[in-house]
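Subject: Structure for your review

Dear colleague,

Please find below the structure that I am handing over to you. My notes on what was found in it follow directly after.

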Amino acid sequence: MLVRRTRLGPDELGGRLGERATLVQFSSAFCAPCRATRRILGEVACMVPGVAHVEIDAEARLELVRDLEILKTPTVLVLDAGGRVVRRAVGQPRKADVIAALGEAV
């Protein structure tokens, strides 16, 4: 899985990076798993200090979607404190998997 852009900053995200890690969710309006993913990532971000959750509307950010080769929603990127992409997953994640993925970022 090749990602052209390996770092994302506040300008690309439209929000601040977390102090320790950032969970970036690409969603679309009619995506039912996106709603569940939003809830799961929000819960994890509240549980783990220094972790932020940023949701991006894939349809509104087509250039970024193409650059990152996002093909489905939801797609979740886990960024470290510097905005480097350390993990990527497609589909609705399990909370335990998100927490495990954060271990690579912090």
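**Salt bridges**

The count of salt bridges comes to six. Please keep in mind that the model is a predicted one.

R38 and E55 form one of these bridges, with their closest N and O atoms 2.7 Å apart. Because R38 belongs to helix α2 and E55 to strand β2, this pair ties together parts that are 17 residues apart in sequence. R38 is partly exposed at 37% relative accessibility, and E55 is likewise partly exposed, with a relative accessible area of 32%.

A further salt bridge brings together the side chains of D80 and R84, at 3.1 Å from N to O. Here D80 counts as buried, at 13% relative accessibility, whereas R84 is partly exposed at 37%. The side chains of R94 and D97 also meet in a salt bridge, at 3.0 Å from N to O. R94 is exposed, with a relative accessible area of 54%, while D97 counts as partly exposed at 40%.

**Sheet and helices**

The model contains an open sheet of four strands in the order β2-β1-β3-β4, and the pairing is mixed. Its edge strands are β2 (51-57) and β4 (85-90), each of which pairs on one side only. On average, neighbouring strands of the sheet are turned by 20° against each other, direction ignored.

Helix α2 (residues 32-47) packs on this sheet and touches β1, β2 and β3 (75-80). The direction of helix α2 makes about 170° with that of β1. Helix α4 (residues 95-105) lies across β1, β2, β3 and β4, and runs at about 35° to β3.

Within the sheet, β1 (residues 21-27) pairs with β2 in the parallel sense over seven bridges. The bridge partner of L23 in β2 is H53.

**Cysteines**

The count of disulfides comes to one. The disulfide joins C31 to C34, with an S to S distance of 2.2 Å. The link of C31 and C34 is right-handed, with 85° about the S-S bond. Both C31 and C34 are buried.

C46, by contrast, takes part in no disulfide: the nearest cysteine sulfur, that of C34, is 19 Å away. With a relative accessible area of 72%, C46 is exposed.

Kind regards

Terms used:
Residues are numbered from 1 along each chain as its sequence is written. This is a predicted model: local features need pLDDT of at least 70, side-chain atom pairs count only at pLDDT 80 or more; totals for chains, interfaces and linings use all residues. Side-chain values use heavy atoms; hydrogens and water are left out. Two strands pair if DSSP finds at least two bridges between them. Helices (H or I, at least four residues) and strands (E, at least two) are DSSP runs, numbered from the N terminus. Axes are lines fitted to C-alpha atoms, for helices over the stretch in contact, and angles run from 0 to 180 degrees between N-to-C directions. Contact means heavy atoms within 4.5 Å. A disulfide is a pair of cysteine sulfur atoms within 2.5 Å. Buried means under 20% relative accessible area, exposed over 50%, partly exposed in between (1.4 Å probe, protein chains only). A salt bridge is a side-chain nitrogen of Lys or Arg within 4 Å of a carboxyl oxygen of Asp or Glu.
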